[in-house]
Amino acid sequence: MTTSHKTHILLVEDDQNLGQILKEYLEIKGFKVDLASNGQVGLDYFKSKAYDFCILDIMMPVMDGFELAENIRKMNKQVPLLFLSAKAMKDDRIKGLELGADDYLCKPFSMEELLLRIKAILKRSTQYIKEETRFEIGSYIFDYTKQEIKLHDIVQNLTTKENALLYLLCKKKNDILTRDEALNNIWGDDSYYTARSMDVFISKLRKYLSKDPNIQILNVHGSGFKLID
């Protein structure tokens, strides 16, 4: 998906001035944007319309961004989520990622950086489609294009980053996927905090694949990870 297709964004920001500035900027860049003033309004919007991307402020009245993200993920496991926050604490970043967020941007930030992050997330969700997209992992079937893992009739939907990470592991199955390769391909950098974020996603993938005891995602000390089935 590209901005030429009028990507529909749900922007939830309680700072009226900032929200309006972001809305107008993104609309100039070719996006369709709905602005909600708090989490509850944002949830009501999400229930009534189809969105391609969500930008959620964390500190909001009525319902904060974390609670809103939890509600969104109950309804849609795949829609990309990006958190905006004045909070730069590591625990908040980890919590956001555990809720299935694709990125986390701390205030203050530049409009250009926000735009680049949105485009990068949208690109990651489609960049591998022309390559092999369906894999057998033990008893599971992983379909990259559908962003899902299937075990018999049980389907586990994946977030954009979970999907991209499992794809790279499958392409390197029984070989080492280096940390640097994964970080630079999916996150675009290899900083300490980003590496910690990747560990959260590895843990979630292990949980999703845990019903087949023959499947392992091994930590290879000093190198990266190896998917074995």
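Helix H8 gives the most to the lining of the second largest pocket, putting in 3 residues. The structure is a predicted model, so to speak, with local features needing pLDDT of at least 70 and side-chain atom pairs counting only at pLDDT 80 or more, while totals for chains, interfaces and linings use all residues. Residues are numbered from 1 along each chain as its sequence is written, and side-chain values use heavy atoms, with hydrogens and water left out.

Strand E9 (154-157) and helix H8 (192-208) each bring at least two; helices (H or I, at least four residues) and strands (E, at least two) are DSSP runs numbered from the N terminus.

Glu162 also turns up among the buried residues of H6. In that helix, 11 of the 12 residues are buried, so H6 is largely enclosed by the rest of the structure; buried means under 20% relative accessible area with a 1.4 Å probe, protein chains only.

As for E9, this strand belongs to an open sheet of 4 strands, ordered E6-E7-E8-E9 with antiparallel pairing. E6 (134-137) and E9 are the edge strands with a single partner each, so one side of each lacks a neighbour in the sheet. Pairing takes at least two DSSP bridges.

Key
Buried means under 20% relative accessible area, exposed over 50%, partly exposed in between (1.4 Å probe, protein chains only).
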